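Here are my notes for your review. Please read them with the model open.

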Amino acid sequence: MPASRRVLVVGGGGREHALAWKLAGDGAEVLVAPGNAGTAAVAENVPMAATDVAGLLDVARCRGIDLTVVGPEAPLVAGIVDEFTAAGLRIFGPTKRAAAIEGSKSFCKQILHRGDVPTAMYREFRSAARAREHLEAREDMPVVIKADGLAAGKGVFVCQNRAEASAAVSSLASDPLLAAAAGSILVEERLDGVEVSVLAITDGRTIVTLPPLQDHKAAHDDDQGPNTGGMGAYCPTPFVDDALLAEIEGRILVPTVHAMRRAKVPFQGVLYAGLMITAQGPKVLEFNARFGDPECEPLLMRMESSLLELLDATVDRRLDACAAPRWREGAAVSVVMASAGYPGAVTKGQPIRGLEAAAGLPDVQVFHAATRHLDGQVVADGGRVLAVTALGPSLGRAKLHAYTAVKEIRWQGAWCRKDIADKGLRRERDLLAAEAVSQESPADDTTSPEPATS
Ligand SMILES: Nc1ncnc2c1ncn2[C@@H]1O[C@H](COP(=O)(O)OP(=O)(O)OP(=O)(O)O)[C@@H](O)[C@H]1O
Ligand SMILES: [Mg+2]
């Protein structure tokens, strides 16, 4: 089967810019709907909303698209893959029912239960009143309150105690924007540990696990402030070594894919596992049904082999015959630059300076998340505006390259976290220190003290 020649990427953020950049590099002619000022440099933008499934179908038919790749979750949960497939068009991503692994946290829990996959214990309630009754009756302790449906990152509340949890339930019930998502409410045990992301591409039978990452959800340094869509990510993360990755694959990714197939809801696409590495081992916080943003950016910067081949093999259900992807040595770091006021309301239209200088630096890609052209200039056009991404022979060097590029870029009110990848750098240092201690005092020397734990 010849590789796809013409590819349509659905979406308009940093993830879609990274996908378009990578697929164009793999030799495809790329169209992006709707795209942004950055995707216009590597592809043809088509002014069509990511949720306009009928319009996207027309584009795919009229423009002779060989493969469509869906970026964001909303069109997937709305069933774009079912409609394209019914029209005989090849498309990468899960069906509407399979996308429910992200679209419904309750459905996700049922699949995890079927697959005996480790996750937080939970109870589900069909009304806020019932959820509050349960909170009153149970021991006063930290819990996590979650709306069942999609809530753009605003449907989850990590609560320290009963009072906070009740308030979270009330805000879910009273917020008109969240009412649909809060058709049912989950009360989950709060897990403690280190949060990491592991993504896998699967055709419903075979899975290809991608290098582990760490995202930074909180708005400010040291994970302070409100949750956002993600302020940066780096890859690989030293919190997941080969043994742990094998465990995650064997106890979480493979059983989940098999449980979905047994439930007659085979999953084709990217399975994004949000994990907590607890003292009892890795546990599932959630599954997303698409590449993450900003996780996609450092991941694709490190990918040496063809993404196009991998996506084609997935859609044609021949992933088992596809060569394993190759990854560049070293690491990649992606720093999100945001507008003043994000994750709250932001002003748009400020001209962005320094993009060429930053993009001219070695091993740097400035992926656009929310930008547009205005009077011949590139202007900021949303909350998360750019994902400045860099490679390096080490995590420390990749971080340095990314922030050197960030320093070149300015617009009024622009800001970013200063500590993306620092958790990974601290972990590397701790591992080195522990290794040095263990070398100083070999294990069989019964007189030596216990090795320091990281
Ligand atoms: N059981 C839990 N214990 C501790 N923290 C949790 C738990 N569940 C969720 N969290 C925290 O809340 C964040 C968001 O939760 P979750 O990933 O389920 O929601 P989401 O809105 O689907 O997120 P995303 O936008 O990443 O898809 C997690 O990244 C984690 O920091
Ligand atoms: Mg999610």
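1. Start with Lys146. An N or O atom in the Lys146 side chain lies 2.9 Å from an oxygen atom of ligand 1. Two further pairs involve ligand 1. A polar side-chain atom of Glu195 is 2.5 Å from a ligand 1 oxygen atom. For Glu286, the separation from an oxygen atom of ligand 1 is 2.8 Å. A polar contact here is a pair of N or O atoms within 3.5 Å; within protein, one must be able to donate a hydrogen and the other to accept it, and residues adjacent in sequence count only if both atoms are side-chain atoms.

2. A word on the basis. This is a predicted model, with local features needing pLDDT of at least 70 and side-chain atom pairs counting only at pLDDT 80 or more, while totals for chains, interfaces and linings use all residues; side-chain values use heavy atoms, with hydrogens and water left out. Residues are numbered from 1 along each chain as its sequence is written, and chains are lettered from A and ligands numbered from 1 in the order in which they are written.

3. Now the surroundings of the ligand. Ligand 1 has 18 residues around it (a heavy atom within 4 Å). Among the closest are Lys105, Glu188 and Leu191.

4. Look next at α13 (residues 395–408) and α14 (residues 422–440). Their axes come within 10 Å and cross at roughly 155°. Axes are lines fitted to C-alpha atoms, for helices over the stretch in contact, and angles run from 0 to 180 degrees between N-to-C directions. Helices are DSSP runs (H or I, at least four residues), numbered from the N terminus. α13 and α14 are therefore roughly antiparallel (over 145 degrees). On the α13 side, Leu395, Gly396 and Lys399 make the contact (heavy atoms within 4.5 Å).

5. How do α1 and α11 pack? Helix α1 (residues 14–25) and helix α11 (residues 307–315) meet at about 100°, axes 8 Å apart. That makes the two roughly perpendicular (65 to 115 degrees). Leu19, Lys22 and Leu23 of α1 meet Leu307, Leu308 and Leu311 of α11. The class count is 5 nonpolar, no polar and 1 charged.

6. Last, Arg61. Arg61 sits in helix α2 (residues 53–62). Arg61 touches Ala87 and Leu89, leaving out residues up to four places away in sequence. Arg61 and Leu89 are 28 residues apart along the chain, with C-alpha atoms separated by 8.1 Å.

Notes
Angles under 35 degrees count as roughly parallel, over 145 as roughly antiparallel, 65 to 115 as roughly perpendicular and the rest as oblique. Ala, Val, Leu, Ile, Met, Phe, Trp, Tyr, Cys and Pro count as nonpolar, Asp, Glu, Lys and Arg as charged, and the others, Gly among them, as polar.
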